[in-house]
Amino acid sequence: TSFLWAFPAGEESFSAQDRGYFATTRPSAAFLTFGGFVYLDQTDKVVSTMAVAMGSGLTFSKPKKWNSKYNAALSGRWQPVNLPLMKRKGARLFTWVNPGEVLS
């Protein structure tokens, strides 16, 4: 089994009110609105998805100082933050860093 990150549909597609509504209705709506994980079997067939939503499933450690040399390595991958809570905390952009990926 492998997995990948699916970025959300474009932020301009939904108003802040729509995003708030979708976050609390159906997991499939939250997946389109906020993104999520896609799990694949050995033949790359999708076997499961997991939406990003409020709850206790995905956690982060304390913030770490960002090394600006990583910006070039992640160029073209940054997406605007669209989770209202993250925006209120000051987050502006996010991206997916693959497990084991070395940024240089």
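Does Asp-44 count as buried or exposed, and at what relative accessibility? In this predicted model, Asp-44 counts as exposed because its relative accessibility is 57%, and the cut-off for that label is over 50%. As for its place in the chain, Asp-44 sits in the loop that links β2 (36-40) with β3 (46-51). The backbone is worth a look here too: phi of Asp-44 is near 65 degrees, a positive value in a residue that isn't glycine. For background, most residues other than glycine have a negative phi.

The protein chain has 104 residues, and 23% of them are buried. Its accessible surface is about 7800 Å², with carbon and sulfur atoms holding 57% of that area. Then there are the contacts: of those in the protein chain with a separation of 6 or more, 47% are between residues 24 or more positions apart.

Now for the sheet. Three strands form an open sheet in the order β1-β2-β3, and the pairing is antiparallel. At the edges are β1 (2-6) and β3, each of which pairs on one side only. From one strand to the next, the twist averages 20 degrees. As a general point, strands of a sheet pair through backbone hydrogen bonds, and they can do so in a parallel or antiparallel way. Between β1 and β2, the antiparallel pairing runs over five bridges. Trp-5, for instance, has Phe-37 in β2 as its bridge partner.

A helix goes with this sheet as well. Helix α2, made of residues 27-34, lies across β1, β2 and β3. Relative to β3, helix α2 runs at about 75 degrees.

Last comes the surface. Trp-66, Trp-78 and Leu-93 together make a nonpolar patch of about 310 Å². Of these residues, Leu-93 belongs to strand β5, which covers residues 93-94.

Methods:
Residues are numbered from 1 along each chain as its sequence is written. This is a predicted model: local features need pLDDT of at least 70, side-chain atom pairs count only at pLDDT 80 or more; totals for chains, interfaces and linings use all residues. Side-chain values use heavy atoms; hydrogens and water are left out. Patches are made of residues with over 30% relative accessible area and no salt bridge: like charges are joined within 9 Å, nonpolar side chains (Val, Leu, Ile, Met, Phe, Trp, Tyr) within 5 Å. Accessible areas come from the Shrake-Rupley method with a 1.4 Å probe; for residues, only the protein chains shown count as cover. A salt bridge is a side-chain nitrogen of Lys or Arg within 4 Å of a carboxyl oxygen of Asp or Glu. Helices (H or I, at least four residues) and strands (E, at least two) are DSSP runs, numbered from the N terminus. Buried means under 20% relative accessible area, exposed over 50%, partly exposed in between (1.4 Å probe, protein chains only). Two strands pair if DSSP finds at least two bridges between them. Axes are lines fitted to C-alpha atoms, for helices over the stretch in contact, and angles run from 0 to 180 degrees between N-to-C directions. Contact means heavy atoms within 4.5 Å.
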